[in-house]
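Please read the following report beside the sequence and the model.

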Amino acid sequence: MATEVEPQKQWYVLHTYSGYENKVKENLESRITSMDMEEFIFRVIVPEEERLQKAKNGEDKIVKVNNFPGYVFVEMIMSDEAWFVVRNTPNVTGFLGSHGQGSKPVPLLPDEVHRLLLSQGISAPKRDINFEVGEYVEVIDGAFLGLEGRVEEVDDEHGKLKLVIEMFGRETVAEVDFDQVDKQNV
């Protein structure tokens, strides 16, 4: 008998009409509340950054610039109901990574989500993973991206690991955050 995997929160990318990203965010947040979807749709982000721009009068002013025109990011549990609510929000043209005809989209990868949240000044939640000395992990973010290492020390209080990584034919000790590594599937 197969056990059913409980669905989990993941990040998806919505395609919108360019220039309507903030309106889509506003509409979707309103629909989440009015359609009682708070247990399925959690956060909606339009990635923006402040930039210095010269005004017509020659003075500098700070403006918000959309980093991904035509896209909105949404954290949700992909259920049929949540998919329907998001997909039918005004000015949403579809999900990135969906092949149409009602197919569900592909979520963003954890390292993509991590970079997105950091770019917006939002720290990603600490993952609740237990690491043990001697086990092997793969680095999924940071300076040691793509390398494998053996856990030498675990600092649960600060969410850090000391790894032994082979670089340039030598063993090197590296300190990484819990969210920068994944356990290896052996």
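## Residue T89 and its surroundings

The backbone oxygen of V85 lies 2.9 Å from a polar atom of the side chain of T89, where a polar contact is a pair of N or O atoms within 3.5 Å, one able to donate a hydrogen and the other to accept it, and residues adjacent in sequence count only if both atoms are side-chain atoms. The model is predicted: local features need pLDDT of at least 70 and side-chain atom pairs pLDDT 80 or more, while totals for chains, interfaces and linings use all residues. Residues are numbered from 1 along each chain, and side-chain values use heavy atoms, without hydrogens and water.

T89 belongs to the loop between α2 (80–87) and β6 (92–95); helices (H or I, at least four residues) and strands (E, at least two) are DSSP runs numbered from the N terminus. With a relative accessible area of 2%, T89 is buried (under 20%, 1.4 Å probe, protein chains only). Beyond its neighbours within four places in sequence, T89 is in contact (heavy atoms within 4.5 Å) with V24, N27, L28 and R31.

An open sheet of 4 strands runs in the order β2-β5-β1-β6, with antiparallel pairing (at least two DSSP bridges between two strands). β2 (41–45) and β6 are the edge strands. β1 (residues 10–16) pairs with β6 over 3 bridges, and V92 in β6 is the bridge partner of T16. Both helices below pack on the sheet, touching β1, β2, β5 and β6; angles run from 0 to 180 degrees between N-to-C directions, with axes fitted to C-alpha atoms, for helices over the stretch in contact.

| Helix | Strand | Angle between directions |
|---|---|---|
| α1 (residues 21–34) | β2 | about 165° |
| α2 | β6 | about 145° |

Methods
Buried means under 20% relative accessible area, exposed over 50%, partly exposed in between (1.4 Å probe, protein chains only).
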